[in-house]
Every structure is written in C-alpha cells, then in structure tokens.
Amino acid sequence: MQTESPYASTRGSITSKQLPAFNEAMIRKYNRSAPRYTSYPTAMEFVPIPDSLGTAGLETKILQNREARAPLSLYFQVPFCHHIYTNHETTAPSNGDSGEYLQHLITEVKQKRRFLSTSEDSSNPLVKQLHLGGAIPTFLRDEEIVQLWNFLQTQFTFLPEDQGDYSIEIDPRELSNDTLKTLRNLGFNRISLNVQDLDDKVQIADDHVHSIELIESVINEARELGFHSINIDLIYGLPHQTLTTLDDMVRRLVEMSPDRLSVFNYADLPERFKTQHQIQKEDLPNSAAKLTMLGNTINALTEAGYQYIGIDHFAKPDDEMSIAQRDGKLYRNPQGYTIMGDCDLLGFGVSSISQIANYNTRYILQNNTDLSAYQANIDAAQINTTVMPAVKYIKTSIKDRLREYVIMNLLCHDYIDFKDVNQKFGIDTITYFIEEIQQLGEMQNDKLIDMDAAGIRVLPRGRLLGRNVAMVFDTYLEKPHKN
C-alpha cells in the first residue's frame, strides 16, 4: 500500500529501531563541526544587499511577489532579558527599552505588511505559526505582549488556536502572577522554558538560579491552563556539572514530563560571550565527560519513551512534532524543526531572518544584527517609506533547492528516496550525486548509513551524526565565505 509520503514509510510505528544508538567511537571518528542547517545555503552565505539592488527595492519586490495563498510563520526576535546568560547573546536592559523596542517591532510589521498581497477569500494574509524568541521575550511586560498580539490581529488572519502553532520562550523567574494566564487567553498554545540545570552549584556558576519548585509550578500551571505543548531547554557541559548532577537533573525533568526537550551542548566561547570570562576552564567537564553526559542523557530520554527527533531535540510520541516526523511531514527552517513547512517565514526585530519563496527560487533575508543600527533603520523608514529593514540576503538556485531537499530529508526523516528526488527535480539522482555517494562509502562500512538503489537511510548508530551525513551534499563548505 502506497503511503502519502515516501518518508513516512521509513518510520512506521514507534519501535526501538527509531532510537539513536550512542557509539562513542563513531562520534569521535567523525568529530567535525557541522552546520545546523536551519537553511540551505546556511547563514554563512549571507551577502550584503548591493547598492545596485537597494535594500528597499529588493525586499519590497520579494514581499510583493510572494505567493499570496502561501500561509505565513511570524518570528519576533526579542534580544533582552533581566538576567545574564553565559551561553546567549543578550542586550542588557535599561528603563524604557522594552516599550521602545516594541514600537520598532510594530513599525517593522507595518512596513512589511503593506507589500503583502492577500488571497481572494481573505482581507489579510493567513498566519499559521507565530513564535516570540531571542533572549527571553517575557522581558516584555504582560501588557506589551497584549499590545503586540492585538496589533497583529489587525494585520493578519490567524488560524484558531487549536489549529495554529503559537509559541513563546519564557524565563520562569520573569513571570508575573498573571503572565501564563494572559498568554493562554491571547491564544499562545506552546511555551518553552529555559532551565539549563537544576543543581545549585551549577546554577550559581552559570548565573541562572531558580528552584525546582518554581519549574514544577510553572509546568503545572501551564498544563492547567491548557497549553498544548511544553518544552524545556537544558544544557550539558556547564561549569561544575558532573555525570551525577546531570543524570539527577534529567531524571527529575522526566518526572515533570514535558512534551519536548532540547538538549544543547555548552559552548565555551568567552571571546563571544563576555559573561563567560568569569568561568574557569578547570570548572568545565572535559571532552570525555561531555560525551558520556550526552550518551547518558540520550539513553535516559529514549528509555523514558521520548522520540529522538534529531539535532538535540526529543519529543513525546504523541507530540505534534513526533507525529509529523513519523508521517514524513517534518521540516526545518531558520526556527529549527517545524511542522509548518508550507509557510513563508517573516522575521521581525534585530538579526531576525525571513525566508520567502518566489516562483522557482527562495530568498533568505536578514535584518541588521546590531541593535542600534536596526533601530536607526526602522526610524529612518518613518521618514522615508522606501527604507526596508533587511541588509543581507541569499538567493537560492534550483541546484540549491535540490541539495536543500536532500539535506533536510536526511535531517528530518533519516532518509532520501531516489525515486522521489528524480520525480521532483527531473534528474537521475544516483548519477547526479555519484561523487557524494562515493564519499559516503566509509559511513556505510561503519554502519552509520545504508545505501542501495532505492535511497540512502541513516541507521540508528548514525542518527547522532546526521549533520555529518548531510554535509556531504553541501557544496558551500569548502568555499571561502562571502561575509
């Protein structure tokens, strides 16, 4: 019986075959930095919008020429938080920052909205997904989030909350007594909690102190209010973190039963994150300990019944993301894994990224990454309405779209179906990718993948190295970067 998607048949029901097999020897052997592939080409290929195109002319044309019937995913970047994070780029707040920044967001929405055409059956573009991210969006006061949400209702048509995906990242320490209730009443149906760790000593070293009781109370309240999905972000490799403290944290989090978990590797980059200057190298776990931490965490979560989605992400089997993966309908975009693969992405705020399809190509746009420059750009637009916020872009070719399709299916579904690619792109896939297939020979010998005339399948012991498999198809890696 033919399935709707050739990628659904690779997963079927939930079995141990889907679980990633942690193999330290293979991870060490293929230890090479790989992109996260939230887009292809990746953000490393952004180039400044040339004067000949003009920031206004290019972005305006892209927005005007998008398919009016294509739904939208809206992303808002909020770069502030009241607390300092050692693993995040954040902007220290000052009085009035949130209100001032909110006005810039609203102005940017107005800028972009005026160029968006609508379908015949709607007066506003359709939105299926919205996410408030960045540092900690709940830096915005409750009334400011209400103001932004109500304004957006006048500019777009949103799916009902039981059909759309409306999420926000929160810091439990920054919630008022009414924040969760306010968010739920507006229509937010998914929250993500930045927890990092539960051990007191680790929290103090990371300057991210909160009690387990606070986390439990937030999760319990969110469930009582009817949020569809609760995600928890945790980090392994933090200063003073040990195998015992991490194992204990994972066990306690599993008892709280979040719908999704994101498990990130601590990045020690003091040259990038000023707050890391206070961390002593000797307080960090060594590479061997970090590998063991990763392996223990993966084993604990999969034994608890979580489905490994890929690239740091786990979800309960009945979560929408897990279902989408099993149905062959999971995607990746600049926000990460998503079930809304048919949406154009519109980003708002400093450094935010938009991804918009235009006929046979796709444009990826980025706003200025400097807060002051971004705000100056938005201010200038109020005087000169032709000014637009994007300052960098990528224009994808049909060859890029082909390689993107291969890479994303490998990362989302652990499989690429040659017949499917042949039909979609009018090529003989084996002939076209003969060099890449030959490069994958060693991975096949190591039983990380299996290749035959039908396609390429990532095996359980290769799932944690999915990005290493995918990067074989990336033609940009060996080229000098343009920015």
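Q: Before anything else, what does "buried" mean for this chain?
A: A residue counts as buried when its relative accessible area is under 20%. The model here is a predicted one, and by that criterion 55% of the 483 residues of the chain are buried.

Q: How many helices and strands are there?
A: The chain has 17 helices and 19 strands.

Q: And what share of the contacts join residues at least 24 apart?
A: Taking contacts between residues at least 6 apart in sequence, 75% join residues at least 24 apart.

Q: Turning to H11, what is its reach from first C-alpha to last?
A: Helix H11 covers residues 371-383, which is 13 residues, and its reach is 19 Å. That is close to the 18 Å expected at 1.5 Å a residue.

Q: Which of its residues are buried?
A: In H11 the buried residues are Leu371, Tyr374, Gln375, Asn377, Ile378 and Ala381. Viewed down the axis of H11, they fall within an arc of 155°, so they line one face of the helix.

Q: Why would residues three or four places apart point the same way?
A: An α-helix has 3.6 residues a turn, so residues at that spacing point the same way.

Q: What covers the buried residues of H11, and what is exposed on the other side?
A: The cover includes helix H3 (97-113) and strand S15 (361-367). On the other side of H11, Ser372 and Ile383 are exposed.

Q: Which residue caps the N-terminal end of H11?
A: Aspartate 370 does, with a side-chain oxygen 3.2 Å from the backbone nitrogen of serine 372.

Q: New topic: arginine 332. Where does it lie?
A: Arginine 332 is in strand S11, residues 331-333. This arginine is buried and has no salt bridge.

Q: Which backbone oxygens does the arginine 332 side chain reach, then?
A: The side chain reaches the backbone oxygen of arginine 36 at 2.9 Å. A polar atom of the arginine 332 side chain also lies 3.2 Å from the backbone oxygen of tyrosine 37. Residues that arginine 332 touches include Thr38, Ile311, Tyr337 and Met408.

Q: Last one: is threonine 138 buried or exposed?
A: Threonine 138 is buried, at a relative accessible area of 5%, so it falls under the 20% cut-off. Its place is in the loop between strand S3 (126-134) and helix H4 (142-155).

Q: What does threonine 138 touch?
A: Among its contacts are Ile168, Asp171, Glu174 and Thr179. Threonine 138 and glutamate 174 are 36 residues apart in sequence, yet 6.6 Å apart in space, C-alpha to C-alpha.

Notes: Residues are numbered from 1 along each chain as its sequence is written. This is a predicted model: local features need pLDDT of at least 70, side-chain atom pairs count only at pLDDT 80 or more; totals for chains, interfaces and linings use all residues. Side-chain values use heavy atoms; hydrogens and water are left out. Helices (H or I, at least four residues) and strands (E, at least two) are DSSP runs, numbered from the N terminus. The expected span of a helix is 1.5 Å times one less than its number of residues. Buried means under 20% relative accessible area, exposed over 50%, partly exposed in between (1.4 Å probe, protein chains only). The arc is that of the directions from the helix axis to the C-beta atoms. Contact means heavy atoms within 4.5 Å. A polar contact is a pair of N or O atoms within 3.5 Å; within protein, one must be able to donate a hydrogen and the other to accept it, and residues adjacent in sequence count only if both atoms are side-chain atoms. Lys and Arg count as positive and Asp and Glu as negative; His and the chain ends are not counted. A salt bridge is a side-chain nitrogen of Lys or Arg within 4 Å of a carboxyl oxygen of Asp or Glu.
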